[in-house]
Amino acid sequence: MNDHCGLCGHQLTSIDKMLGENKLSDGTVLCNTCLEKASNINAELLYNLSHFNLDDINRLFQNGKPAQERTDEIPVEYLPASISSQHGFLSKDLYRKRLKEIKQQLDQLKANLSVFARGEIKELPNILAPDEKILAVTDAQFSKTVDAGILVVTQKRIISLSKAMFSPSKINEYPNENIIKVSFVRSFLSPIIKIHTDDTVVEFESFLNKDYAEDFYHFIEKIYNKEESQKKSHEVETVSAEAVFEQLEKLGRLRENGVLTDQEFTLQKKKLLDKL
């Protein structure tokens, strides 16, 4: 993998590599900044980068127009496949803006995604609503399948997005109101994240980054397993109160037997009641 941008010469950063290399047909790699500047002149670069070489990019900047005469429409075969998008395909400018926002969110989350997730990330601008923010993301695919995929958590839902080679994307969503809880099964080979809904349990394997998958689970369990946590907390409080009342009874007997004075009893009683 190249470590420097072939256009500006700057060293590539983690966000430049997050979705894989921005590689041209001649093997040259661009940083995200140079790619964004070039795509402002010719938006097709966002969808068809491998059809351009470094000379084409240089001519773009020199002439301020596409290196070749191309139609202003983006060919259908280069558009991301978003079969269950709520909003349909975005305009080129809006798609570019949303993709940039999504990359920034992933960078802020320090998302540790594999290179196989690059295609899935490019689908997200057509899937996420404008007010949806990514809270967590991890590599994961349906159990017992070989399709690469990701799980994305927003404030509204969990989205499963997977894509087999040369096949359209498969998008499944699990709205928050339908999720009862989430669970996690540790495994040396491939841990499993389970989403429990009203009528089914969906399993996702996370063999690409097992440790990160568990961190992902610990984050989402705080969102979706609130009732269980509150129940446990209430049980602890109840047990604690019972223990205090037991101690009060013991103190009463000690006072009756003359072991404690009234003043000592009152002092110890106050200490115990303060714990409630």
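Biologist: Which helix is L45 in?
Modeller: L45 is found in helix α3, which covers residues 45–48, and please keep in mind throughout that this is a predicted model.

Biologist: Is L45 buried or exposed?
Modeller: L45 is buried, because its relative accessible area is 1%, and buried here means under 20%.

Biologist: And what is L45 in contact with, leaving aside its neighbours within four places in sequence?
Modeller: With those neighbours left aside, L45 is in contact with L35, A38, S39, F52, I57 and L60. As for L35, it sits 10 residues from L45 in sequence, and the two C-alpha atoms are 7.7 Å apart in space.

Biologist: Changing topic, where does N225 lie?
Modeller: N225 lies in the loop between α7 (210–224) and α8 (226–256), and N225 is buried, with a relative accessible area of 7%.

Biologist: What does the side chain of N225 have 3.0 Å from one of its polar atoms?
Modeller: That is the backbone nitrogen of V182. Beyond its neighbours within four places in sequence, N225 is in contact with K181, V182 and Y217.

Biologist: How many disulfides are there?
Modeller: The count comes to 0 disulfides. C8 is in none, since the nearest cysteine sulfur, that of C5, is 3.7 Å away, whereas a disulfide needs the two sulfur atoms within 2.5 Å. C31 is likewise in no disulfide, and its nearest cysteine sulfur, that of C34, is 3.6 Å away.

Technical notes:
Residues are numbered from 1 along each chain as its sequence is written. This is a predicted model: local features need pLDDT of at least 70, side-chain atom pairs count only at pLDDT 80 or more; totals for chains, interfaces and linings use all residues. Side-chain values use heavy atoms; hydrogens and water are left out. Helices (H or I, at least four residues) and strands (E, at least two) are DSSP runs, numbered from the N terminus. Buried means under 20% relative accessible area, exposed over 50%, partly exposed in between (1.4 Å probe, protein chains only). Contact means heavy atoms within 4.5 Å. A polar contact is a pair of N or O atoms within 3.5 Å; within protein, one must be able to donate a hydrogen and the other to accept it, and residues adjacent in sequence count only if both atoms are side-chain atoms.
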